[in-house]
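Have the viewer open while you read.

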Amino acid sequence: MLENDEIAVRISSVGAELQSVVRDGIERMWSGDPAVWGRRAPLLFPLIGRLRDGEYELGGRRIAAPTHGFCRDRAFAVSQASRTRVRFETVSDEGTRAVYPFDFRLTVDFSLEGGTLVKTHTVENTGDVPMPFELGGHEAYATRLLPGEHMSDYHVRFEGLDKIEMFGMDEAGILTLPKIEVPLEDDRLTKTPEQLGIDTVVLENVPGSVAALACAKNGHSVTVEFPDFPYLGIWTKAGQDDARYLCIEPWSALPDAHFSPRELAEKPGVRTLEPGESATLTYRITFR
């Protein structure tokens, strides 16, 4: 448990997954109700999204791998902890090498700064060959916070935009082109992905690298700042006419696409670390 004068935060060591954020006595994260969607904020590494035929290529060899990689169900060790900061860590092993044949260390730091939760990921190549990777978040923020509210009262706000351009997506969840233009209402996306006829809204190079979930009926909002992540996903599970959450997901790379190569290192946004190198990617989540 992390806590300061403004927010109280609970994180699970399984997947280094954010479980709860309470501010002003109100729970701001999705409950993980298994009857709807049983996750809350899975960590996506070393892959993001679904793969064509469930596989990617490495040096021309096809490797079967799970959606979003394997870290969301992986046990992390706590290596540092205080009242306002905690560090989780995991390293490669025989199981990870079966689907991702690289040696790595991944640390995830959570720290509090007033009403802001700072989430910092450090990926280190501990092996002796170049290591391509993808990394992303999948936080589900609660909607319908107060009695009488509906999902239709909530929106995602972007700074200074009158439209967004999202990638297309086929029924298997693979991205397509051309992009689809979606008009905004006063900088606001007021429709869910399902209402837009798509599983996930996927954007690139969002101006300012910031998006906020807010409500027309209350003063509560959550702002996500993601300067280290060039892509953003917006998602809620289909079939919920009055959903109780919305995911805002910073991504370092695009999910698999019909217009991208199958070779992992050549996919859009994929970063490659040389042996001994590391990369640090941070986003900030402010609860108001």
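## Rings and cores

Phe88 and Phe110 are both buried. Keep in mind that this is a predicted model. The planes of Phe88 and Phe110 sit at 85°, over the 60 degrees needed, so the pair counts as edge-to-face. This pair ties together distant parts of the chain, with Phe88 in strand S8 (residues 85-91) and Phe110 in strand S9 (residues 104-113), 22 residues apart.

Searching the whole structure turns up 15 aromatic pairs. Another edge-to-face one is Trp37 with Trp235. Here Trp37 comes from the loop between strand S4 (26-27) and strand S5 (55-58), while Trp235 belongs to strand S20 (residues 231-235), 198 residues apart. Trp37 is buried at 12% relative accessible area, and Trp235 is buried too, at 11%.

| Pair | Centre to centre | Angle between planes |
|---|---|---|
| Trp37 and Trp235 | 5.0 Å | 70° |
| Phe88 and Phe110 | 6.0 Å | 85° |

There's also an aromatic cluster made of Phe45, Phe70, Tyr100, Phe102, Phe104 and Phe133. And for a charge over a ring, look at Lys179, which lies over the face of Phe167 at 4.7 Å from the ring centre.

Now the cores. Which residues have the most contacts inside the largest nonpolar core? They're Tyr100, Leu106 and Phe158, in a core of 83 residues. A second, separate core has 6 residues, including Trp30, Trp37, Tyr245 and Cys247.

Back to Phe158: setting aside neighbours within four places in sequence, its contacts include Ile164, Leu184, Asp187, Leu203, Val210 and Ile234.

Terms used: Residues are numbered from 1 along each chain as its sequence is written. This is a predicted model: local features need pLDDT of at least 70, side-chain atom pairs count only at pLDDT 80 or more; totals for chains, interfaces and linings use all residues. Side-chain values use heavy atoms; hydrogens and water are left out. A nonpolar core is a set of buried Ala, Val, Leu, Ile, Met, Phe, Trp, Tyr and Cys residues joined through side-chain atoms within 4.5 Å. Buried means under 20% relative accessible area, exposed over 50%, partly exposed in between (1.4 Å probe, protein chains only). Contact means heavy atoms within 4.5 Å. Rings of Phe, Tyr and Trp (its six-membered ring) pair if their centres lie within 6.5 Å; planes under 30 degrees apart count as stacked, over 60 as edge-to-face and the rest as tilted. Helices (H or I, at least four residues) and strands (E, at least two) are DSSP runs, numbered from the N terminus. A charge sits over a ring if NZ of Lys or CZ of Arg is within 6 Å of the ring centre and within 35 degrees of the ring normal.
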